[in-house]
Amino acid sequence: MPRKKGTPKTGGRVKGKVNKKTAETRIWIQKIIDSNQKTLEADLKKLKPMERWTIIDRLLNYTLPKMQSVDANISIDGLSDEQFQDLVDKLIERVVE
């Protein structure tokens, strides 16, 4: 029987939580990389630059979190000059940090 519209979903993974197998695989790959670092570095040096960066890029997918794009729709039409300047100052502070 399907769930009624508006009723909360029960069971399953919490939104945003990494799949258990994925987390285990990432840890396993990280351990392999850590325990074979010198060998990997020597092997990478033998490759052509493009091949080397392709492999590094693929390995990073397992060790670093993926960046997510953010879309911000901000209307500044109703702001006073003072509010607008305050917003600009705060944005500049964050960029400089």
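Before the first stop, a word on classes: Ala, Val, Leu, Ile, Met, Phe, Trp, Tyr, Cys and Pro count as nonpolar, Asp, Glu, Lys and Arg as charged, and the others, Gly among them, as polar. Residues are numbered from 1 along each chain as its sequence is written, and side-chain values use heavy atoms, without hydrogens and water. The model is predicted: local features need pLDDT of at least 70, side-chain atom pairs count only at pLDDT 80 or more, and totals for chains, interfaces and linings use all residues.

Now colour by pLDDT (the predictor's confidence in each residue, from 0 to 100). The protein chain averages 84, and 96% of the residues score at least 70.

Next, select Ile 33, Gln 37, Leu 40, Glu 41, Leu 44, Ile 56, Leu 59, Leu 60 and Thr 63, which line the largest pocket. Two or more of these residues come from each of α2 (37-46) and α3 (49-63). The lining has 6 nonpolar, 2 polar and 1 charged residues.

Which residue forms a salt bridge with Lys 21? Select Glu 24: the closest N and O atoms of this pair are 3.5 Å apart. A salt bridge here is a side-chain nitrogen of Lys or Arg within 4 Å of a carboxyl oxygen of Asp or Glu. Both residues, Glu 24 and Lys 21, lie in helix α1 (residues 20-35), 3 residues apart.

Finally, move to helix α4 (residues 81-96), where Lys 90 and Asp 86 sit 4 residues apart, about one turn of the helix. Their side chains meet in a salt bridge at 3.6 Å, N to O.

Definitions and conventions
1 Å grid on protein atoms, 1.4 Å probe; cavity = no way out; pocket = protein on both sides within 12 Å on 5 of 7 lines; lining within 4 Å.
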